[in-house]
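The sequence and structure are shown first.

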Amino acid sequence: MKRAERIALYGQGKEYRRRLLADVVRDRWLFLLLLPGFVYFILFKYVPMWGVVISFENYVPYDGVFGSQWVGLKWFRYFFSNKAWTRYLSNTLILSLLNIVFYFPAPIILALLLNEVRSVKYKKLVQTFLYVPHFISIVIVVSITLVMFSSGGIVYRLTEQLLGHPIKYMTDPNLFRGMIIGQTIWKETGWGTIIFLAALTNVDTQLYEAAMVDGAGRLRRLWHITLPAIRSTIVLMLILRMGSVLDTGYDHLILMANSLNRKASQTLDVFVYQQGLQQAQYSYASAVGLMKSVVSIILVVSSNKIAHLMGEEGLY
């Protein structure tokens, strides 16, 4: 590189640093608001990452991370040599697929319905009631489900009277996944509408007026104006959802699981919880968790690449 080119690049870098410093000084209060979240992610998300090294060790708490024996890929081979790993993986994938098919579109549909409400007061009232379930603990949600669907519950007795025989909602493994998805939809759909409603506020109202002049009905306006306007947001949320395909949430499943529905309730998250906390197999559980994280990263990157090929901006 010639000396003149190096001087030009240095000058550009110096100008960039000067502008960056000026922006930081100008928006110092916004950066100050960003600081607590930044510190949180550093302390509780990035710093603990070094602990994944125990996935390659025979970790003993007394010896510590640096004193434990290095075993390489032993725990990964041990997991795949277990004949039950296919059951854990299949249960996880089936539950995640059901989540994507039934839960993911629910906030979108609800947001589109709320967007059609013309009364602002009524719309805000409905939104408030829809947000409330998100703040209810999953323990309370499961407790309500047990009261309503267990033997003697109102739903249990009602179906028994209508069908002539009871339906064992809480013990039938074939109904377990439906119960989990139903609880998720009831609890999180309202909260999930927030981001889509925010995206809908950016839709130019003149487009609706022009479409109405041309004789387009509500369905045509919805299909040709509203959905294309929030398509990028839907794609972005779907990409992020791909990162949690193997993450089904152990707390929800453990609360709903019992000895009779174990066939459907055993997922990778439950397996990690059982091995890590109940049986103190820290290295084994960490290895399975690391494998999940690697697969999630691959799915996010692949989904983002597919989004680019389809003409969408994607995540990055």
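Helices are DSSP runs of H or I of at least four residues, numbered from the N terminus. The model discussed here is predicted.

## The largest pocket

The largest pocket has a volume of about 750 Å³. Its lining comprises 21 residues, and those nearest its centre are V52, G289, L290, K292 and S293.

Two helices, α15 (268-278) and α16 (282-309), each contribute at least two residues to the lining of the largest pocket. The greatest share comes from α16, which supplies ten residues. By residue class, the lining of the largest pocket consists of eleven nonpolar, seven polar and three charged residues.

## The second largest pocket

For the second largest pocket, the volume is about 450 Å³. This pocket is lined by 19 residues, of which N99, T184, R241, D247 and T248 are the closest to its centre.

At least two lining residues of the second largest pocket come from each of α5, α10 (173-200) and α13 (250-256). The lining of this second pocket divides into six nonpolar, eight polar and five charged residues.

## The site of S96

S96 is located in helix α5, which spans residues 85-103. Helix α5 also supplies at least two residues to the lining of the second largest pocket.

Is S96 buried or exposed? Its relative accessibility is 6%. Because buried means under 20% relative accessible area, S96 counts as buried. Leaving out residues up to four places away in sequence, the contacts of S96 are S244, V245, L246 and T248. Of these contacts, T248 is also listed among the residues closest to the centre of the second largest pocket.

## The nonpolar cores

The largest nonpolar core contains 18 residues, and the members that touch the most others are I108, L197, L200, I230 and I234. Two or more residues of this core are given by each of α6 (105-115), α10, α11 (205-213) and α12 (218-242). Helix α6 gives the most, with five residues. Helix α10, one of the contributors to this core, also supplies at least two residues to the lining of the second largest pocket.

When neighbours within four places in sequence are set aside, L197 is in contact with A111, L114, Q127 and Y131.

Conventions
Residues are numbered from 1 along each chain as its sequence is written. This is a predicted model: local features need pLDDT of at least 70, side-chain atom pairs count only at pLDDT 80 or more; totals for chains, interfaces and linings use all residues. Side-chain values use heavy atoms; hydrogens and water are left out. Buried means under 20% relative accessible area, exposed over 50%, partly exposed in between (1.4 Å probe, protein chains only). Contact means heavy atoms within 4.5 Å. On a 1 Å grid over the protein atoms alone, a cavity is a set of points where a 1.4 Å probe fits but cannot get out, and a pocket is an open set with protein on both sides within 12 Å along at least five of seven lines; lining residues have an atom within 4 Å of a point. Grid points are joined across faces, edges and corners, and a volume is the space filled by probe spheres set on the points. Ala, Val, Leu, Ile, Met, Phe, Trp, Tyr, Cys and Pro count as nonpolar, Asp, Glu, Lys and Arg as charged, and the others, Gly among them, as polar. A nonpolar core is a set of buried Ala, Val, Leu, Ile, Met, Phe, Trp, Tyr and Cys residues joined through side-chain atoms within 4.5 Å.
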